[in-house]
Amino acid sequence: MFREKENKNIEIGGETVIPGEEKLVKIKIDRLPTGTLIDIPVYVFNSKQPGPTVLIQAGLHGDEINGIEIVRRMLQDNRFKITKGAIIAVPILNIFGFIHFSRDVPDGKDVNRSFPGTKSGSMASRIAYHYVSEIMHQMDFAIDLHTGGAQRHNFPQIRFTQEDADSRELAEVFNAPFSFPSRLIKGSFRNAAFRLGKPAIVFEAGESMRFDEYSIMEGMQGILNVLKHFTMISKIEPMYVERMASVFLANRKWLRAPTAGMFIPEITNGSEVRKGQEMGLITDTYAKRSKKIKAPFDGFVFSINHQAVVNQGEALFHVGSPF
């Protein structure tokens, strides 16, 4: 995955971080209407010994805060003290979305649909452009931290690129409770990384605008597993969570609302389910009609919609099986 004989200088935002140096640098992006400059803070840890350059990023969607807390907490706990290679840690990529409690930037565009971007395009496109040119060309692989959106809670899971064997290896090393291949989406960070020949995995855990302690712990543990695998750290102490081997989900299906009404889930996210098992129900407000939601096969539920009132066709449960 990498073949460096010696660690190299890392250059971001016009600053150079030499081997053996740690530095906070910034990428200037744009200004608020008030004239306040907005930039992306980037923490660089560049050790003297050769090894991979790992990008660990969060906040690509501004309202997905679990990943932001994962990076913040690892910075606070000095978990990026490495003896080999380099770490580029970005706590919040989409600063504009974060300060507006939004997935997107103020003009409504999604940065994660704007890669590789253009220098003179929309705000989202310019963020993507600077990110590709300043950071992505220097990384060997990336860990991208996300949550579910639109009140969907994702049980901790890793998504990798089917066409990229290295990303699958990374997913196995990260060892989240669930893992599965996910198609490349045009304009996404992972698609841009794939086109650059840089493996990337996506950690999905929790839901937007809500902290989830278990998801945060799982994310921190997975990152440390990767750093330990590449001997960038010598040991993991203490362990944040004890894990069994990740469950690979080969078959996946969204269960959608058969009618509009109030949605009442009856299982816990991450649970094992059996074919025909009642997972929840949709009911009207007058207790006159209800429809049961049943498991289509044996497997696991790894995402639940926490929206209490739903319309017909809305996604309720994401279920998967290893076969």
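About 160 Å³ of space lies in the second largest pocket of this protein, and about 780 Å³ in the largest. Welcome to a predicted model, in which local features need pLDDT of at least 70, side-chain atom pairs count only at pLDDT 80 or more, and totals for chains, interfaces and linings use all residues. Residues are numbered from 1 along each chain as its sequence is written, and side-chain values use heavy atoms, leaving out hydrogens and water.

**The pockets**

- A pocket here is an open set of points on a 1 Å grid over the protein atoms alone, where a 1.4 Å probe fits, with protein on both sides within 12 Å along at least five of seven lines; lining residues have an atom within 4 Å of a point.
- Grid points are joined across faces, edges and corners, and a volume is the space filled by probe spheres set on the points.
- The second largest pocket has 14 lining residues, and Pro 177, Tyr 214, Glu 218, Arg 243 and Met 244 lie nearest its centre.
- Its lining has nine nonpolar, two polar and three charged residues (nonpolar: Ala, Val, Leu, Ile, Met, Phe, Trp, Tyr, Cys and Pro; charged: Asp, Glu, Lys and Arg; polar: the others, Gly among them).
- The largest pocket holds about 780 Å³ of space.
- Among the 31 residues lining the largest pocket, Arg 113, Arg 159, Ser 182, Ile 185 and Glu 204 are the closest to its centre.
- Eight nonpolar, 11 polar and 12 charged residues make up the lining of the largest pocket.
- Strand 7 gives the most to this lining, with four residues (strands are DSSP runs of E, at least two residues; helices are runs of H or I, at least four; both are numbered from the N terminus).

**Helix 4**

- Ser 167, Leu 170, Ala 171, Val 173 and Phe 174 are the buried residues of helix 4 (residues 165-174) (buried means under 20% relative accessible area, exposed over 50%, partly exposed in between, with a 1.4 Å probe and protein chains only).
- Ala 165 and Glu 172 are exposed on the face turned away from the buried side of helix 4.
- The cover over the buried residues of helix 4 includes strand 7, strand 8, strand 10 and helix 6 (213-229).

**Ser 208**

- Ser 208 lies in the loop between strand 10 and helix 6, and is buried, with a relative accessible area of 12%.
- Beyond its neighbours within four places in sequence, Ser 208 is in contact (heavy atoms within 4.5 Å) with Asp 63, Glu 64, Thr 147, Gly 148, Gly 149 and Ala 150.
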